[in-house]
Every structure is written in structure tokens, then in C-alpha cells.
Amino acid sequence: PFMRAMDAGCKRAALIWHRRAGKDLTALQWAIKASAVRKGGYYYYFPTAALGRKIIWEGKNNDGFRFLDYFPPNSIIRKNDTEMIIETVWGSHFRIVGTDNLDVVGTNPVGTVWSEYALQDPRAWQLVQPILRANGGWAVFCYTPRGHNHGYDLYEIARDHPGEWFCQRLTIDDTQAISRAEVEADIEAGIITKRLAQQEYWCDFTLGQEGSYYGQMLDLIASRGQI
């Protein structure tokens, strides 16, 4: 559904998918496809450049296939390992960028992916958004919730504006990518708390800060309408 929406001309997408659902693999393949259709700059933003290097530049899928090998054979004419830039035969360039230093202005990307957006500085998107408005570019946000922060705000905006945004929230019950029984066994064994599992596997925005003293109690009385 995400690919079909973007093919149809959607410019904004929020993918709230559970951990290990394939967010980056999907977003990367869309970026590669889009870069072959429209010549320009395609920027893949992470909370830090080091995380981008670990996940995309050096990362592999579950079958051991390198993420960068999803670029079609012979499509890369130059690859700069230091700056994490790829130039393609069709005239586009792809770059991985960290948003921790807010060094995002002065560029002109026509396509952007915001990976783990809930962990990023939201000011980076605020700086890049006018660029995409001016050149008709697109932005895809893919992340797992981290409480009621700017990631939750973006999710609410996407849900409230279906005419402009594609919005999808997928849990392990939707994808079957990870067995519910395995997660429940991990909870029972104490490997992961039930609250954290709700966030990571069921995309629950209510966790907030894991380990906070009163977070669970506040959620309870809020659900009862006592606030």
C-alpha cells in the first residue's frame, strides 16, 4: 500500500511499523526507485550519521544481503565511503545524513527518508520541509513509537490529513513477521518488559520513559477518564 500510494503521487508518508518490520528496507527501495524516475538528491536522515552507517551503509537484511546491493547492478558510478554518498548512472545522488548537528540547510533534496524519526531532533524536519515545498519533493518517516513526543505529533498530523499523507501503523499482529508467542515467551522470561514489548511490537505510544515511577499509573487513570 505504501509503494502504491507513493507511485500515485503522495508526497508525505508516516510508517509507524513495529521493530524488525522492514521499515528501512522498504523506504530505501522506494528511494532508489524514485531516484531513477526524477534526477536529484535523495537524503536518508538518521538521528546520527553513525547509526546511518550501521543500518544502511554497512547493514544487511535477514538473509545477509547488503542494503546497498539493492541498487541495480552497474547503476553506481561513484561511492564515497567517508561521506556516505552514492552517485548513479541516471544522474541522481543518494546520501546518508545525521540530524544531530542540524547541518541540513543549504541542500536541495527532492526525496527524503527520516529513519527512527521519533529519536531525531524535530527541528531538522522543520528546516528541510520548506525545501520540499519549493521543489515538490517527498518525505517518508519510518519509526517505532517513543512515547508522546514529536513522533506521536507527526502521526496525529498524518492521520488527520489523509488527503496529503499516507499513514500506516503496523503491529506484529498485522505483519506476522514476528510470532506473538515468541514475544510473550520473552515477556514471561523477563527478557523484555510487557510495557516495552507493547511499544516495540504493538506500536504503543503510551510507554513514555521506560522505568518512570508513575507512567503506568497515569496511563491507567487517563484510560478511566479520571484526568
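**Note on the sheet and its surroundings**

1. Phe46 stands opposite Gly98 in β5, and this position belongs to a run of six bridges that join β2 to β5, the two strands being parallel. Strands and helices here are DSSP runs numbered from the N terminus, a strand (E) having at least two residues and a helix (H or I) at least four; two strands count as paired if DSSP finds at least two bridges between them.

2. The model is a predicted one, in which local features need pLDDT of at least 70 and side-chain atom pairs count only at pLDDT 80 or more, while totals for chains, interfaces and linings use all residues. Residues are numbered from 1 along each chain as its sequence is written, and side-chain values rest on heavy atoms, with hydrogens and water left out.

3. On its other pairing, β2 is joined to β6 by five bridges, again in parallel, and Tyr45 stands opposite Trp114 of that strand. Six of the six residues of β2 are buried, a word used for under 20% relative accessible area, against over 50% for exposed and partly exposed in between (1.4 Å probe, protein chains only). Gly41, Tyr43 and Tyr45 are buried on one side of the strand, and Tyr42, Tyr44 and Phe46 on the other. In a regular strand the side chains alternate between the two faces of the sheet.

4. The whole sheet is open and mixed, with eight strands in the order β3-β4-β5-β2-β6-β7-β1-β8. Its edge strands, each pairing on one side only, are β3 (76–80) and β8 (165–170). Strand β1 (residues 12–17) pairs with β8 in the parallel sense over six bridges, and Ala13 has Phe166 of β8 as its bridge partner.

5. Helix α2 (residues 23–37) packs on this sheet and touches β1, β2, β5, β6 and β7, its direction making about 165° with that of β7; contact means heavy atoms within 4.5 Å. Helix α3 (residues 49–57) also packs on the sheet, touching β2, β3, β4 and β5, at about 135° to the direction of β5. Such angles run from 0 to 180 degrees between N-to-C directions, with axes fitted to C-alpha atoms, for helices over the stretch in contact.

6. Tyr214 is exposed, with a relative accessible area of 56%. Ile157, in helix α5 (residues 150–160), is partly exposed at 41%.
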